[in-house]
Structure formats: structure tokens, C-alpha cells
Amino acid sequence: MGQALGCYQVEESNVAIKEYFGKFEEILEPGCHCLPWCLGYRIAGELSLRVQQLEVRCETKTKDHAFVTVVASVQYQALADKASDAFYRLSNTRGQIQSYVFDVIRASVPKLELDAVLEQKNDIAKSVEEELEKAMSTYGYQIVQTLIVDIEPDTNVKRAMNEINAAARLRVAANEKGEAEKILQIKKAEGEAESKYLSGLGMARQRRAIVDGLRDGVLAFSENVTGTRTKDVMEMVLMTQYFDTVKDIATQVRDGLLQGNASQNLIQEL
């Protein structure tokens with residue numbers, strides 16, 4: 001209706017292509033414009049100046065013969081001052097961008113091994129962006145940003161990578177377990193050595209105390225009882241200790257026999 005009355009409205013973030021008898025005349029900015037169609041003027045079409053996004057999935061092979069799918073995200077925008085180039089020179093913008101992305105990825109990824117591809121995806125994205133910027137600027141487009149959002153190895157490659165990672169983790173776990181057991185054994189040995197040292201030290205002190213006690217007892221007995229020899233006193237002390245030891249052994253044997261009889265009677269009762 002607007003064109004029939006000779007007026008045309010261009011929406012915000014768009015530009016319109018004005019032609020005069022089929023020939024490019026000018027770019028119309030957003031707003032209302034006079035368009036006397038009866039004099040040969042018409043609108044050939046509109047072009048959006050908004051940033052647009054295209055996701056490209058490219059399957060290729062790495063240097064070590066692993067198939068991967070590289071997912072690139074390209075943000076692009078038509079330039080207002082080159083809107084005529086963007087409108088007339090390129091009929092399929094998205095297809096053209098996709099072709100350039102394929103070309104760069106399939107040229108760079110086969111030079112790298114899989115691990116390097118995963119590590120250098122930012123470098124790959126930069127290469128894609130530089131090539132796109134150089135090519136698309138002649139068509140009136142600018143490349144806002146290019147990202148490699150994902151690198152998907154083939155299913156078999158993923159399975160192999162998972163198995164390798166699992167084996168590596170098991171190997172690390174085994175090494176850690178071995179180190180832990182080694183540390184425990186060392187600590188145990190150190191503890192046993194310390195225990196034996198302390199036990200030996202205690203026994204030495206005990207023997208020293210016994211010897212000191214015997215010496216003091218013999219001296220005291222010799223001083224208090226006239227006419228006794230040190231040898232006689234030692235023999236008497238040793239004999240006393242002998243009878244004490246026999247008494248202790250007899251007591252232990254008796255207690256063992258009583259406990260055994262009690263257990264046997266309990267079993268018979270059951």
C-alpha cells in the first residue's frame with residue numbers, strides 16, 4: 001500500500017536497496033522514503049544489519065588418522081556502507097561462509113595430531129576468522145567473531161581415549177597405593193625399632209636396678225652381721241630368688257590346672 005502511494009518505510013537495523021528502471025540507485029536508511037514508482041523507481045529488497053550467527057559442522061581427519069567433527073560458530077554482519085555489495089554480489093551468504101570454514105579447517109586440522117587439535121582449537125578459530133574476514137570483506141560483510149565451540153572425535157576414537165585415560169588413572173592409583181603401603185611399612189618398622197629400643201632400655205634399667213639392689217643388700221647384710229663373707233651373702237640371696245621363682249611357677253601351674261578343670265566341667269554341663 002505504501003509503494004502504491006509512492007512511499008516506503010524501512011525498519012530499524014535494516015537498509016533497503018532502491019533501483020531506477022532495474023539499476024541500483026541508492027541505499028535507503030531506516031525511515032519513510034518517497035518512491036515514485038510510476039517514474040521507474042522500486043525497492044529491489046532489504047538487507048538486515050543485525051549480527052547473525054551460523055554454526056558449521058565439518059568432519060575431517062587428523063594427522064594420526066583420527067576422524068573428528070569440528071563445530072565452528074561464526075558471527076557475521078552486513079556493512080551499511082557496502083550494502084550494495086552484500087545484496088548484489090552474494091546470493092547465498094551462509095553457504096559461502098560455510099565453504100570458507102570447510103576449506104580452512106580441512107587445510108589445518110590434517111596437519112595436527114588429535115591431541116594438538118584439542119589443545120590448539122583457539123589457533124584454528126583464529127585462522128578461520130582471518131580467512132573469512134579477508135574473503136567476506138569483498139562482499140560487504142564483516143566477521144564479528146569465530147569460535148571453535150566443540151571438537152567431537154569419532155565414537156571409536158572416544159572409546160579408545162576413555163580406555164587410555166582409565167588405564168592411566170589405574171596406573172596412577174596403583175603407584176599411589178604402592179607409595180602409601182611403602183610409607184606404612186617404613187613407619188611400622190620405625191615404630192617397631194623404637195619399641196624394641198625402649199623395651200631394651202627398660203630391661204637394662206631393670207637389670208641395673210636389680211644389680212644395685214643386690215649390691216646394697218649384700219653390703220648392708222655384711223655390715224650388720226659380723227663374720228659373714230660377701231660370697232655367702234650372694235649365695236643366700238640367689239637361693240632366695242630361686243625359691244621365689246619356683247613359687248611363682250607353681251602358682252601359675254596351679255592356676256592353669258584350676259582353669260582347665262573349670263572349663264572341662266562347664267563343657268560337660270552343656
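The largest nonpolar core takes in 34 residues, and those with the most contacts inside it are Ile97, Val101, Ile105, Leu132, Met136 and Tyr141. A nonpolar core here is a set of buried Ala, Val, Leu, Ile, Met, Phe, Trp, Tyr and Cys residues joined through side-chain atoms within 4.5 Å; buried stands for under 20% relative accessible area, exposed for over 50%, and partly exposed for anything in between (1.4 Å probe, protein chains only). Two or more residues each come from strand E6 (52-61), strand E7 (67-78), helix H1 (83-88), helix H2 (93-108), helix H3 (114-119), helix H4 (121-136) and strand E8 (141-153). Val101 touches Val56, Ala72, Val74, Val128 and Leu132, leaving aside residues up to four places away in sequence; a contact is heavy atoms within 4.5 Å. Another core, of six residues, lies apart from this one and includes Ala16, Leu28, Leu35 and Ile43.

All of this comes from a predicted model, where local features need pLDDT of at least 70 and side-chain atom pairs count only at pLDDT 80 or more, while totals for chains, interfaces and linings use all residues. Residues are numbered from 1 along each chain as its sequence is written, and side-chain values use heavy atoms, with hydrogens and water left out.

As for the overall layout, the protein has six helices and eight strands, running β-β-β-β-β-β-β-α-α-α-α-β-α-α from the N terminus on. Helices (H or I, at least four residues) and strands (E, at least two) are DSSP runs, numbered from the N terminus. Of the 270 residues, 24% count as buried. Among contacts with a separation of 6 or more, 63% link residues 24 or more positions apart.

Three strands make up an open sheet in the order E3-E2-E5, with antiparallel pairing; strands count as paired if DSSP finds at least two bridges between them. Strand E3 (23-28) and strand E5 (41-48) sit at the edges, each pairing on one side only. Strand E2 (residues 14-20) is joined to E5 by seven bridges, and Val15 stands opposite Leu47 in E5.

Then there are the cysteines. The structure holds zero disulfides, a disulfide being a pair of cysteine sulfur atoms within 2.5 Å. Cys38 is in no disulfide either, with the nearest cysteine sulfur, that of Cys34, 9.2 Å away. Cys32 counts as exposed at 59% relative accessibility, and Cys38 is exposed with a relative accessible area of 59%.
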